[in-house]
Amino acid sequence: MKKAWYKELSVYQIWPRSFCDGNGDGIGDLKGVLGKLDYIKSLGVDAIWFSPLYASPQKDFGYDISDYRAINPDYGTMEDFKAVLDGAHERGMKVIMDLVINHTSDQHEWFKKSAAGDPKYKDYYIWRPGKGKDGKRPPNNWMATFPGPGWQFNEERGEYYLHLFAVEQPDLNHDNPAVREEVKDIMRFWLGMGVDGFREDVITYISKREGLPNGFPIPIMRGQEHYSPGPNIHKYLLEYRKVAEEFGAVQIGEAPMMTPKNALKYITEGKDQQLDMMFQFQHMSADCIVVSYLPTGFKLRKLKRVFRRWQNKLYGIAWNTNYMENHDQPRVISRFGSEEMRTESGKAIATIYTFLSGTHFVYQGQEIGMLNYPFKSWDDIIDVASYCGKSMMEKTHLFSKKTIFRNCAYASRDNARTPVQWSAEEGAGFTTGTPWFHINPNYTEINAAAEEKDPNSLLNYYRKIIALRKEYKEAAVYGRYKEYLKGSGKLYVYEKIGEDGSRLFVVANMSGKKASAAKVRRIIPEGARRVAGTYDGSLADFMRPYEAHVFVVAPEK
């Protein structure tokens, strides 16, 4: 197993609008982040990943960028960013930025000039004339990821532009060499400032098939077979890879609808490697049918099957990402655990994924056990993707209005975007002003200050197991995965075997009912040392609800 600095990271993701407000205007900002750097460092993490901080009209909360070289005024100034960057580096933490280059905002100067027909920018985006006698029919039948047509007519230019996401997010034309040079310049701008790498948003979508043929007539994401992947994706990513290599920077791709077999085309280590690792979403379907708007309840066997596949197929030749929450996913305790047993199930979830091979990610608020928001009506929901889910279900005519709302409330990205609950004070310690979005009313009980005071809290458990991941990295980070009791719907048991002979065992009852530990006890070798657990006490004949343990066996000398 090839070792590298980025493989050993634990990374803390910040969605800046909801992290911490440093100036009292109700919106999270960089001054707020600066004031929490010691807290972030105390978790034992090695890096911060920022969701987009760039100038943006915020139609998709930063993923619609109007200026790649400017900080959104809501979040502060470039001087504020440099202070955070320096402060993180002084504390031994790296900083990873989002790189959103499949699309820009329609307010970006490039798009404005392209729509106006400026010769330099004419082909920066994907424009096509309409079809039909009046030219008012879209160029093809592609649909956007946020359901609806993938094309929007622009009156000024008299043509349609492609947008695989929101109407306000026109796709860049990476077939234009000038666009690729712009991207490289943006990368060098941030890397030259001292940023340590990028998480690259929907990066596998940037190449589109020549001629833009019609897609297979499916009801959602029609046309995806022509851009996921496109014909030049590997060529373009190799160009961007050379820039990252100039600075020794890490590249983390995000790839919807990805499988291990396809991922290896991008992340297999060697001269043609294009990305260091890849965010995929298969394990996020452990409680739903493909998308979380169609919930089924948590299925442990499904989760284990995905983990097993990615752990085994990548071992020794490519690298993984391990996460349970991010800005696009509802809160994991509300999905895979139990809100009634928040601490216990939160610890069990933390245990089962922290010791898998792969770079380790923790999303803001995850470490204190934040839960989904109790939405009461559509007036509470602002996420554009939630309304797309609503539209999708309405078109099937299979769901009642009540079911549609319930499913969308459960799946909404808004659940991950409520302000972080720092204390029981008014404003949850997030702001002294009026918060930009709902604060979960449970903040008086669930908050970082309360978690700090409790030695057995979820927060302190995260600190412990992140430290253990580092201490036993030969097995935890780099070890070969071996799973036991694969057919169990309650128990998750696996071993990590280090090349130095060290062994680490993870044992978890991922249900709200007790489970026999007879088979588990036979798996754990005599002399194994228990180094962490969700309850006090060693492994008994029966495992309590959400009981988990970590055992280690030292290498033979």
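How far apart are the mean positions of the positive and negative charges of the protein chain? In this predicted model they lie 8 Å apart, for 76 positive and 70 negative charges, where Lys and Arg count as positive and Asp and Glu as negative, with His and the chain ends not counted, and where the place of a charge is NZ of Lys, CZ of Arg, CG of Asp or CD of Glu.

The model is a predicted one, in which local features need pLDDT of at least 70 and side-chain atom pairs count only at pLDDT 80 or more, while totals for chains, interfaces and linings use all residues. Residues are numbered from 1 along each chain as its sequence is written, and side-chain values use heavy atoms, with hydrogens and water left out.

**View 1. The whole protein chain.** The protein chain holds 16 helices and 22 strands, taken as DSSP runs numbered from the N terminus (helices H or I, at least four residues; strands E, at least two). Its radius of gyration over C-alpha atoms is 24 Å, which agrees with the value near 24 Å for a compact globule of 557 residues, the rule being 2.2 Å times the number of residues to the power 0.38. Along the principal axes, the C-alpha atoms fill a box of roughly 75 × 55 × 55 Å. Of the 557 residues, 61% are buried (under 20% relative accessible area, with a 1.4 Å probe and protein chains only). Among contacts (heavy atoms within 4.5 Å) with a separation of 6 or more, 69% join residues 24 or more positions apart.

**View 2. Strand β18 and its two partners.** Strand β18 covers residues 503–509, and six of its seven residues are buried. Strand β17 (residues 491–497) pairs with β18 in the antiparallel sense over seven bridges, pairing being assigned if DSSP finds at least two bridges between two strands. I497 has R503 of β18 as its bridge partner. The hairpin of β17 and β18 has five residues between the strands, and G501 in the turn has a positive phi of about 95°. Strand β22 (residues 548–553) also pairs with β18 in the antiparallel sense, over six bridges, and here A508 stands opposite A548 in β22.

**View 3. The open sheet β6-β8-β7.** Three strands form this open sheet in the order β6-β8-β7, with antiparallel pairing. The edge strands are β6 (127–128) and β7 (151–154), each of which pairs on one side only. Strand β8 (residues 159–162) is joined to β7 by four bridges, and Q152 has Y161 in β8 as its bridge partner.

Note on methods. Buried means under 20% relative accessible area, exposed over 50%, partly exposed in between (1.4 Å probe, protein chains only).
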